[in-house]
Amino acid sequence: MAANGEKQQGHRPGVYKQKNKGHKHGKHRTKGEIERENKGRVSVTALTKKQRKEQKKMDRRHKANQLRKNKKDMVLTEKRRLGSRDGPPHLAAVVSLHAAVDAGAITKLLRGECAGGVVHLERCVSGVSDSFGLILPRFKQRFTFLNQSTADVHSLLDVAKIADSLVFVLDSTEGWDSYGEYCLSCLFAQGLPSHALVCQGVSDLPVKKRVESRRALSKITEVRFPDARLFPLDSEQDATLLLRHLGSQRQRKLGFRSRRSHLLAQNVTFTPNSPAEGAGGGNTGLGTLCVSGYVRGRPLRVDRLVHISGHGDFQLSQIDAPSDPLPLNLTAARPVKPGKGGDVDMLDGGEDDAPVRVLMKADPSCRESLQAEAEVDPMDGEQTWPTETELLEAEGAKTELTYNILRCYTWKKARKNKRVMKVPKGTSDYQATWIVDDNDEEDGDLDEESSDDDGDDMMDEAMEGDDDENNSQDPGSCCASDEEEDEEEEEVCSTERAGADQRYDEHMDEAAEEEGLKRYREARSNEMFPDEVDTPLNAAARIRFQRYRGLKSFRSSPWDPMENLPLNYSRIFQFQSFERTRNRVLAEAAAEEEGAMDGWYVTLHIVDVPFSVMESVQSGKPLVLVSLLPYEQKMSVMHVLVRRHPSNMEPIKSKEELVFHCGFRRFRASPIFSQHTSADKHKMERFLRPDAPTVVSVYAPITFPPAGILLFKQRNDGIQDLVATGSLLSCDPQRVVLKRIVLSGHPFKINRRSAVVRYMFFNRDDIMWFKPVELRTKWGRRGHIKEALGTHGHMKCVFDNQLRSQDTVLMNLYKRLYPRWTYDPYVPLPLPWVKRECNVEMDDSEME
């Protein structure tokens, strides 16, 4: 302690205090090393990015709670808005899934005054007779119910696209039948909205059997609806519970409809165009279609195009705002009287009709055009204009060439009709017809090679050849004794058996059976020998396969996607970046705040609409409209990813006409199939594979994903079978789809790594033409052609290892394939679906 009583000052370390080095752990770099590597460069983020203030743990928890609460409030607001005063009425469709149930009894119970509801509108949906509007002041909600029949699959799918809830009516014992299972498959693939399961007849059972019946029915329904609740509907109290459930259940969002404004027509009128407007009046010409209904989804703009499901794209002229026909306030209820043509004319509660307020009119300068295809200029690639002398010379050469062609054709035709052939002695006239002259055979082969059809396949030619051989049996070989025996056997057959066979054959289409048998044989042959074709004997392979090329590596070898494009590619549109355009368009649609808002009751004036749309409404079909996003009316190459539906067992060949349901659109087209890979080249599939996802490419209007895809195949009797289901993949005209053919040869002589191969080619020039292409074998050997031996197609090949005698030598050739332009927006109405009881089964013996 100090002598003067002051406190002693604590020791402070000086500049000479020892400082030990820190422990060097692992691969740590010093600051000096980092500075030497950077060479004075400083990170941009370190200079411009501001220092973020660290939040405490409690602050981060409060922020997460606020975000969670905002999302929950937004969902609840959207849920409570549906069916309320500010939103559209809750649209519910009643669908029966069994032939023995009556959906009309369900709607009759819902019409009753069970929950204090008031039926304010009868037949409130134009075209649907069994529809009504229901107001529930007790729940402060309003509903629109319609009874949708499952016989018309198109109408069922259209209603399910815009319905807020589906009420499935089940049988109390079986649940649903085979046709109900088919309808459920279509609805699940398209996108199923919120739903409820209803059954009738449970109260009629004895008390002891009610629990067992409900338990058995729940076991049946849990396969399709694992978490759904089953509602018995036999009294007004049950109807009240169902209405409460429909109004409070969670709404399932469908991506393809939540991003677009859509509308169900509740009142439709048609006004023909006057002759001054350039269209013929009357029922056969165009006119203005006035459609009234509630806007759903996003705001509806007048300058956007609208698509009427099943009829095409059209333009709007104006949007009106009539008074709401289904007000939640009963004091504002207005009388309703049926109009002409079965539609409903909504009148105001006053003595005079309320004036219709015009919301917006279309501006011709801002309105989107209906142009779907690009304008093709055939002279776009020309660089110079020919002179008059060149035109005269070309005309003279053309005339002379036409004369020579006609003269040669006439001479060949006459020579073909009047042909004198030398045949062996004793040859009959029938046998002489099968002797073919070599010159005619060569001419026929050249004519076949000149055809520019991408679907020409050597597999088809081989199958046709097999059919011709089977049909070429000599009818004179049958003996008279065999005919007598057949007649005796026919007489022995009983009358009952003959009658049963005749009745069974009445429902059989022989042409369809032959076509199905041929298709099954082609599919089985392609499965056993994928892509293998036969080299023609009487034609040069370098001419037959002149469009094909060899690739050293299918994965890494380059292929220019802009090389030798077909003429149809000049009619389509493409994006520089489809994903970037999609994100921008969807973001703009989500932020849209102009136009007719969600929940408004409006009248759309659609111009230049054919009268067939009005005829469809008058025949009892609902009318569904959707507002298209930008660019969705233009044609391009669309790719969809699908899987084969388990219920379909028939082989589906590439370039076969199918019916597409893509979002709100449906059309017919002939697509091509390819593998779903992440490479820049994709191998074409000749048939739709049942065990793997397949990409389907087709010319179609642009649609931004997500969107559900359904593929149907129409039978000869008008029934449409569900073939595949999937989703929209992308829009990319530069997607390279390559068709592969495999030429096969067999080793004739083997000497270690070299071998003589035959039966792949049949002349020396073809071997020299395909010499640069690499060879492979089924057992994994690789090699190349060294030289040709002789003039009959034998060639010496060298491989990376010794060849086995039972191995097969293969050569892969490729060419790019494009879809066919067979787009047809008008799909015929399907007949009611009928389940096929038996499918064709093929054995290996039948393939032989």
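The questions and answers below go through a predicted model of one protein chain.

Me: What kind of model is this, and what pLDDT do local features need?
Reply: Residues are numbered from 1 along each chain as its sequence is written, and side-chain values use heavy atoms, with hydrogens and water left out. In this predicted model, side-chain atom pairs count only at pLDDT 80 or more, totals for chains, interfaces and linings use all residues, and local features need pLDDT of at least 70.

Me: What is the mean pLDDT of the protein chain?
Reply: pLDDT is the predictor's confidence in each residue, from 0 to 100. In the protein chain, 74% of the residues reach 70 or more. The mean is 78.

Me: Which strand has the highest mean pLDDT among the elements of the protein chain?
Reply: Helices (H or I, at least four residues) and strands (E, at least two) are DSSP runs, numbered from the N terminus. The protein chain has 21 helices and 32 strands. The lowest mean pLDDT among the elements, 36, belongs to strand β14 (residues 344–346). The highest, 95, belongs to strand β24.

Me: How many contacts beyond four places in sequence does the model have for residues 331–352?
Reply: Contact means heavy atoms within 4.5 Å. Over residues 836–848, pLDDT stays under 50 and the model has 17 such contacts. Over residues 331–352, pLDDT also stays under 50, and the number of contacts beyond four places in sequence is 40.

Me: How much of the protein chain do buried residues make up?
Reply: Buried means under 20% relative accessible area, exposed over 50%, and partly exposed in between (1.4 Å probe, protein chains only). The protein chain has 848 residues. Buried residues make up 42% of them.

Me: How far apart are the end C-alpha atoms of α6?
Reply: The expected span of a helix is 1.5 Å times one less than its number of residues. For the 13 residues of α6 this should come to 18 Å, which agrees with the model, where the end C-alpha atoms are apart by 19 Å.

Me: Is Thr150 buried or exposed?
Reply: Thr150 lies in the loop between β4 and α5. Residues that Thr150 touches include Tyr179 and Cys183, both of them buried in α6. With a relative accessible area of 12%, Thr150 is buried.

Me: How many residues of strand β32 are buried?
Reply: In a regular strand the side chains alternate between the two faces of the sheet. In β32, Val809, Met811, Leu813 and Lys815 are buried on one side, and Leu810, Asn812, Tyr814 and Arg816 on the other. The strand is mostly covered, and the buried residues number eight of its eight.

Me: Which residue of β32 is the bridge partner of Ser744?
Reply: Two strands pair if DSSP finds at least two bridges between them. Eight bridges join β27 to β32, and the two run antiparallel. Two bridges join β29 to β32, also antiparallel, and there Arg776 stands opposite Leu810. The bridge partner of Ser744 is Leu810.

Me: What separates the C-alpha atoms of Met684 and Val737?
Reply: Met684 is found in strand β23 and counts as buried, at 6% relative accessibility. Val737 is one of the residues that Met684 touches. They are 53 residues apart along the chain, and their C-alpha atoms are separated by 5.9 Å.

Me: Is Arg752 buried or exposed?
Reply: Phi of Arg752 is near 55 degrees, a positive value in a residue other than glycine. Arg752 lies in the loop between β27 and β28. At 65% relative accessibility, Arg752 counts as exposed.
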